[in-house]
Structures are given as C-alpha cells and as structure tokens.
Amino acid sequence: MFSNAACHDRIKMDELMTDKGTVYICDKGYIDYKKFDSYTSKEIYFVSHLKDNAKFKEAINLPITQYNKTQPLLLAASTIIYDKKVRLGKESINLTKHFYRVVKIIDHIGKELIFVTNLMCYSSEEIA
C-alpha cells in the first residue's frame, strides 16, 4: 500500500503492520511509542531507525553480540557502540510499558545510526 508523500507515515501504520509474528522494517516516520506498545502486545515485531532526539529510560546494558564471528554481517569499518534494554519516552510523557532494545552503531562511512526493536532474541549485529 502506498500513500501520498505528504501523508504522515504513522497514519498508515495500523494498515501496514497487521500480521502477528511478522518482523517489519520501518523508518523514522513510523516512530510512535504508543503504537509500538500495541504491536508488542500483539506479537508484531519491528526494527526502526530511532530519531536523533528520542528519549529513553535506560534499564540494562546488554552485551554486544555478533551473529557469526567468522562471517560478520557488518562491514569491517562499522562498530557497534551499545546495545541497551530501555523503555522509550520519559516519565512525564509517553513512557512505554514494554521494554525495547536500542542498538547504536557507527557505520563504515562514520555515520551514527540508532535502531530500536522489540526483538530480544537476535544478536546486536543482526539488529544493526
């Protein structure tokens, strides 16, 4: 399903993200903490870029894990900075009830990328 470029992506989320057990790959336009909680409750999974100004309440620093040490998924010049288990938002506004993972990397050209997901069973590298 496609929409006019002027249409905000979050409006289409409920139409697009419907299948239990499916992993959806989203861009920053799909960031909506309340919807993330709803999808997590319905076992609908996602990985999305996180906005630069995103707020989250850190709970646990997770170990940085590789998918396969002999055959890396990321380019050699990429570095995983952290993998954290967090609640999105802040106490006074939109704090999520579920916990999420936030994985931050510096890619092979030096660009900082931050991903958010409700998938807890994959390696840091797979999320990145």
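Trainee: What order do the six strands of the open sheet have?
Mentor: In this predicted model, the order is 1-2-6-5-4-3, and the pairing is mixed.

Trainee: Which strands stand at the edges?
Mentor: Strand 1 (23-26) and strand 3 (56-62). Each has a single partner strand, so one side of each is left without a neighbour in the sheet.

Trainee: And what does the twist average from one strand to the next?
Mentor: The average is 25 degrees.

Trainee: Back to strand 1. In which sense does strand 1 pair with strand 2, parallel or antiparallel?
Mentor: Parallel, over four bridges, with strand 2 covering residues 45-49. In one of the bridges, Val23 has Tyr45 of strand 2 as its partner.

Trainee: Switching to helix 2. Which of its residues are buried?
Mentor: Helix 2 runs over residues 33-41, and its buried residues are Tyr33, Lys35, Phe36, Asp37, Tyr39 and Thr40.

Trainee: What does the side chain of Asp32 reach at the start of that helix?
Mentor: The backbone nitrogen of Lys34: a side-chain oxygen of Asp32 comes within 3.2 Å of that atom.

Trainee: Pockets next. How much space lies in the largest pocket?
Mentor: About 300 Å³.

Terms used. Residues numbered from 1 in each chain as written. Predicted model: local features only at pLDDT ≥ 70, side-chain atom pairs only at ≥ 80, totals over all residues. Heavy atoms only, no water. Buried < 20%, exposed > 50% of the residue type's maximum accessible area, 1.4 Å probe, protein only. Helix = DSSP H or I, 4+ residues; strand = E, 2+ residues; numbered from the N terminus. Polar contact = N/O pair within 3.5 Å; in protein donor to acceptor, adjacent residues only side chain to side chain. 1 Å grid on protein atoms, 1.4 Å probe; cavity = no way out; pocket = protein on both sides within 12 Å on 5 of 7 lines; lining within 4 Å. Points joined across faces, edges and corners; volume = space filled by probe spheres on them. Pairing = 2+ DSSP bridges. Axes fitted to C-alpha atoms, helices over the stretch in contact; angles between N-to-C directions.
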